[in-house]
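Student: Could you walk me through a few places in this structure? I am new to it.

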Amino acid sequence: MPESNLNGAAGNRRKEGRRPSPLRGLLGGCVLPALLLFSTGCQAATPAPSAPVLTDQAFLDLLERRTFQFFWDTADPTTGLVPDRYPTPSFASISAVGFGLTAYVIGAERGYVTRDQAAQRVLLTLRFLDKAPQGDAATGIAGYKGFYYHFLDMKTGLRYQKVELSSIDTALLLAGALTCRAYFDQPSAAETEIRDIAVRLNARADWAWFSARPNLVSMGWTPEEGFNTYDWHGYMEGMLLVLLAMGSPAHPVSPAAWPAYTATQKWGTFEGQSFFQFGPLFGHQFSHIWVDFRGIRDAASAARDLDYAENTRRATYAQRAYALRNPGGWKGYGANGWGISACDGPVDGTLTVDGTKRTFLTYAARGAGGEGILDDGTLTPNAAAGSMPFTPEISLPALQAMRTTYGDALFSTYGFLDAYNPTFPVGQKTYHGRTVSGLGWFDTDYLGIDQGLILTMIENHRSGLVWNLMKRDPTLLRGLALAGFKGGWVDAAPAALKRPVR
């Protein structure tokens, strides 16, 4: 898989501190010795009973409600921060906080909580972020220049060990804050304060400073080493980041950032589908949570006679076709067994399974596309759910089948657990999760950003709520206009909202 595929938000999120265990620490993605890996984990459990079949409507109601509850239950009651994973003890993920803010809007709209309850939770979170200490010191701070560290201590909200100041994770956080700004539009004191803080956080982010190299935005910075050597460019989830950076009301990057970002997009054909390539499905989904790319085109997509929503549809169908062909001979792959993306896995190591040597991974940015394949037989439900607005005809049956086939081994308190691998041998020691007799390996954690992807994209499929809220956001509209997007709802938006800030 190309190097860029390993440095996206979900792929990069654990290069600097990817698991809460002190055994992994901040190893930059290093693989621990097999002896250590196989010394942890759970033994085989009894088989999980298959779940009763639900109508599509009842299933989506159940899945959305349970996934929302993850954010409502696990956020810290003092800071409002959302854990990177649960129930394993974890640091907070700043991008998961952005998903949480968006989740509270969905919860209010769906009636899971009252509007006032949602507003108070949002206000708790935004107040903490607004007052969290910022500065260039290595410790005792939460961020710098309006950006936040990738992982924060759940209780104090301060930088976790030596993780990076993250541009993409801050962008996802700001997208959540801007969603709340659009939704909470009433004149009450609480909703007025929500809007004020969201505006302040958005304006505080100094995108021009994060542009360490001309017309590109760096992926990260640390006080110990400065900016890292990776920039956002190509086709991946960084689209949202660049649009927000260009549309910033206070510290924008140059409009030349968009052609610089798209200049390295790679067009190719994989499994009979031609599209801009990126292996893990999250790269085709994350930006689409807040931006409705249907019917709008920039120069790069217009040159290929599609929009980026169609690009995601093709990428999703290509992955399903790959699963149907199943060149690796993995168990559980097929028409309703697909979805290769960033997620947990059982171990880092090679085992002999049914006479064949198989290499397995723990957390990794798995993917399948024309630029490379990283596939160890691990599938994640968030990959199918993240494409629901584009491929409901294949995503919904896949999600239904995952639940009915694997029951509560995969679908539990907060909806879908992060990942599963039917090929992994039962009874084998694992780093994450457990094995279940007759079914294979299953994660025992929920991951915040993956829960967020599931919840938001199901809601966009059902109502377009998040999309419609962000269509009113001037930062996003300015970014889209400066990037040259035309057509559909962008053309119909008020011209005043699309004008660059002078």
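Predicted model: local features only at pLDDT ≥ 70, side-chain atom pairs only at ≥ 80, totals over all residues.

Student: Where is Thr102 found?

Tutor: Thr102 lies in helix H4, which covers residues 94–110.

Student: And why does Thr102 count as buried?

Tutor: The relative accessibility of Thr102 is 0%, and buried means under 20%, so Thr102 counts as buried.

Student: What does Thr102 touch?

Tutor: Leaving aside residues up to four places away in sequence, Thr102 touches Gly176, Thr179, Trp290, Thr456 and Val466.

Student: What about Val291, buried or exposed?

Tutor: Val291 is buried, its relative accessible area being 0%. Val291 belongs to the loop between strand E10 (273–276) and helix H11 (299–303).

Student: Which residues does Val291 touch?

Tutor: With residues up to four places away in sequence not counted, Val291 touches Leu240, Leu243, Trp467, Leu476 and Leu480. Val291 and Trp467 are 176 residues apart in sequence, while their C-alpha atoms are 5.9 Å apart in space.

Student: Turning to the sheet, in what order do the three strands come?

Tutor: The order is E19-E21-E20 in an open sheet, with antiparallel pairing.

Student: Which strands stand at the edges, and why is one side of each left without a neighbour?

Tutor: Strands E19 (420–421) and E20 (434–436) stand there; each has a single partner strand, so one side of each has no neighbour in the sheet.

Student: How many bridges join E19 to E21?

Tutor: Two bridges join E19 to strand E21, residues 440–442. Asn421 stands opposite Trp441 in E21.

How values were computed. Residues numbered from 1 in each chain as written. Heavy atoms only, no water. Helix = DSSP H or I, 4+ residues; strand = E, 2+ residues; numbered from the N terminus. Buried < 20%, exposed > 50% of the residue type's maximum accessible area, 1.4 Å probe, protein only. Contact = heavy atoms within 4.5 Å. Pairing = 2+ DSSP bridges.
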